[in-house]
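User: I have a model open and want to go through a few spots in it. Can we start with contacts and then move to the voids?

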Amino acid sequence: MTEKSTWEAFFDAHAPIYEDNVFTKNTLREVDFLLEELSLQPGGSILDVGCGTGRHAIELAKRGYAVTGIDLSSGMLVWAADAAKAAGVNVDWIHSDATQFSFPGKYDGAVCLCEGAFGLLGQGHDPIGQPLSILCNISRSLKPQAKAVLTVLNATAMLRKHTNKDVAEGRFDPLTLVESSECPPRQGLPAVAVRERAFVPTELTLLFRLAGMSVLSMWGGTAGHWGRRTLDLDEIEIMIVARKTAEPTAAGNAWQRT
Ligand SMILES: C[S@@+](CC[C@H](N)C(=O)[O-])C[C@H]1O[C@@H](n2cnc3c(N)ncnc32)[C@H](O)[C@@H]1O
């Protein structure tokens, strides 16, 4: 990777304080939840996409799984590698954009959590192509019938938060479900203009299908408050559990190249 993207710069600067966020405080219970959903054999291999400071990856490694964590931010990965060393576990850390990374047929399970890449759009990114590329890469990387757990922003909550004034002033685009905002400088972080994409469940079902995966469940999955509960309109994130049932479709692959 050459020039830093907006999100890479944002998370490089955010790395030292990322785990101060209150939504990161439930990692052990979240890993229990992931293991219940992923149906892995002991010692199985797991891909953590947008792994950040490695809080899930490291806990999974502690429990005996073979974990690969990929992330766009070298700053987040430095923290992850230090934390893994302190915990005495090995995780394979890979610095990559999730739209570019796959390891065909390697993994028994995959996670992409807390907006780990999926829907964090760069300035020029296509709002369908970016998430679909990530899903196709996850699907490609899974063994047949392996499962994935993702959490993504919920469009109904985003819609209810915005007004027509936000649309007129460019803070929310109802055509793409993209929210644009400026994170002000704080705690040493530079100001940064970011684009975040929300999703509706029917669209997610279609995107997963294009990527060769079948959605098994969708629940309310707001960071720090996961559960197998019906999605309500104000839930900030949706949790999706899906199974790889095929390779990415021709339509999925074609969209990736646009
Ligand atoms: C909000 S953090 C979530 C981290 C972790 N999954 C968790 O649950 O705490 C989002 C992470 O996704 C990474 N990320 C953003 N866009 C990415 C991309 N296109 N490819 C890979 N990682 C990306 C960021 O660098 C950041 O570490």
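User: Leaving aside neighbours within four places in sequence, which residues is Gln 130 in contact with?
Analyst: Bear in mind that this is a predicted model. Gln 130 is in contact with Thr 99, Ala 117, Phe 118, Gly 119, Leu 120, Leu 121 and His 125.

User: And where does Gln 130 sit, in which helix?
Analyst: Gln 130 is part of helix 5, residues 129-141.

User: Is Gln 130 buried or exposed?
Analyst: Gln 130 is buried, because its relative accessible area is 6% and the cut-off for buried is under 20%.

User: What separates the C-alpha atoms of Gln 130 and Leu 120?
Analyst: The distance is 8.5 Å, and the two residues are ten apart along the chain.

User: Switching to Thr 68. Which strand is that in?
Analyst: Thr 68 belongs to strand 2, which spans residues 66-71. Thr 68 is buried, with a relative accessible area of 3%.

User: What does the side chain of Thr 68 have as a polar contact?
Analyst: The side chain of Tyr 107, at 2.8 Å. Not counting residues up to four places away in sequence, Thr 68 touches Ile 46, Leu 47, Asp 48, Asp 92, Ile 94, Lys 106 and Tyr 107.

User: Now helix 3. How many of its residues are buried?
Analyst: Seven of the eight, so helix 3 is mostly covered. The buried residues are Arg 55, His 56, Ala 57, Ile 58, Glu 59, Leu 60 and Ala 61.

User: What covers the buried residues of helix 3?
Analyst: The cover includes helix 2, strand 1 (45-49), strand 2, helix 4 and strand 3 (92-95).

User: Which residue with a positive phi follows helix 3?
Analyst: Gly 64, with phi near 95°.

User: Which residues of helix 8 are buried?
Analyst: Helix 8 covers residues 201-210, and Glu 203, Leu 204, Leu 207, Phe 208 and Leu 210 are buried there. These residues lie on the same side of helix 8, because they cover an arc of only 155° around the axis.

User: And what is on the face turned away from that buried side?
Analyst: That face of helix 8 carries Thr 202, Leu 206 and Arg 209, which are exposed.

User: On to the voids. How much space lies in the second largest pocket?
Analyst: About 270 Å³. Sixteen residues line the second largest pocket, and the closest to its centre are Glu 19, Thr 53, Arg 55, Ile 58 and Ala 83.

User: Which helices supply at least two residues of that lining?
Analyst: Helix 2 (27-38), helix 3 (55-62) and helix 4 (74-87) each do. Helix 3 gives the largest share, four residues.

User: How does the lining split by class?
Analyst: The second largest pocket is lined by seven nonpolar, three polar and six charged residues.

User: How many cavities of 30 Å³ or more are there?
Analyst: One. The largest cavity holds about 40 Å³ of space.

User: Which residues line the largest cavity?
Analyst: Phe 23, Glu 30, Arg 55, His 56, Leu 113, Cys 114, Thr 151, Gly 221, Ala 223, Gly 224, Trp 226 and Glu 237. By class, this lining has five nonpolar, four polar and three charged residues.

Terms used. Residues are numbered from 1 along each chain as its sequence is written. This is a predicted model: local features need pLDDT of at least 70, side-chain atom pairs count only at pLDDT 80 or more; totals for chains, interfaces and linings use all residues. Side-chain values use heavy atoms; hydrogens and water are left out. On a 1 Å grid over the protein atoms alone, a cavity is a set of points where a 1.4 Å probe fits but cannot get out, and a pocket is an open set with protein on both sides within 12 Å along at least five of seven lines; lining residues have an atom within 4 Å of a point. Grid points are joined across faces, edges and corners, and a volume is the space filled by probe spheres set on the points. Ala, Val, Leu, Ile, Met, Phe, Trp, Tyr, Cys and Pro count as nonpolar, Asp, Glu, Lys and Arg as charged, and the others, Gly among them, as polar. Buried means under 20% relative accessible area, exposed over 50%, partly exposed in between (1.4 Å probe, protein chains only). The arc is that of the directions from the helix axis to the C-beta atoms. A polar contact is a pair of N or O atoms within 3.5 Å; within protein, one must be able to donate a hydrogen and the other to accept it, and residues adjacent in sequence count only if both atoms are side-chain atoms. Contact means heavy atoms within 4.5 Å.
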